[in-house]
Each structure stands twice: as C-alpha cells, then as structure tokens.
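Visitor: I would like a close look at a single part of this protein. Please show me the model.

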Amino acid sequence: MSNHIATRESEISLAELRGDCARMAPHWAARPKSAPVPVAPSRIHGVTVPAASARLVDAMSDYGD
C-alpha cells in the first residue's frame, strides 16, 4: 500500500497541467492529414432536400436574397 495521497483536481495548478501536457505531447503524434479526394458530380445522386429546408436556405440573405 502506498502512503501517497492524491491531490484533488482543484489543487493542481495551471502550470503543472501545462507541464503534464507538454510531456505527453510526443506520445500523441497526429497522423499527417491527406487531402480529400474530390467526387465527380455525376456520382452524386439520390440527394433530396426537404421543401422546408430549401425554403429556409432561400430565405437567408447570405444565399442570394
């Protein structure tokens, strides 16, 4: 049995938290992002938009009002 008493989260300072994150960063290396492959418009089919959604977008000034 350990005599160590865990500290409450509220007792951990921001500096300690940032230090912990900096030490863990090398363990969480992200994969390089690849660009998405464009899809030809001829392959996009079967998409339906409900009339209420079309009216909502049509009523927005950002979309050619």
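Is Val 39 buried or exposed, and at what relative accessibility?

Guide: A word on the source comes before the answer. This is a predicted model: local features need pLDDT of at least 70, side-chain atom pairs count only at pLDDT 80 or more, and totals for chains, interfaces and linings use all residues. Residues are numbered from 1 along each chain as its sequence is written, and side-chain values use heavy atoms, with hydrogens and water left out.

Val 39 counts as exposed because its relative accessibility is 54%. (Buried means under 20% relative accessible area, exposed over 50%, partly exposed in between, with a 1.4 Å probe and protein chains only.) Val 39 sits in the loop between helix H1 (14-24) and helix H2 (51-59). Helices here are DSSP runs of H or I, at least four residues; strands are runs of E, at least two; both are numbered from the N terminus. The protein has two helices and zero strands.

Areas come from the Shrake-Rupley method with a 1.4 Å probe. A salt bridge puts a side-chain nitrogen of Lys or Arg within 4 Å of a carboxyl oxygen of Asp or Glu.

The accessible surface of the protein is about 7,000 Å², and carbon and sulfur atoms hold 60% of that. The whole structure has one salt bridge. Arg 23 and Asp 20 form a salt bridge at 2.3 Å, N to O.
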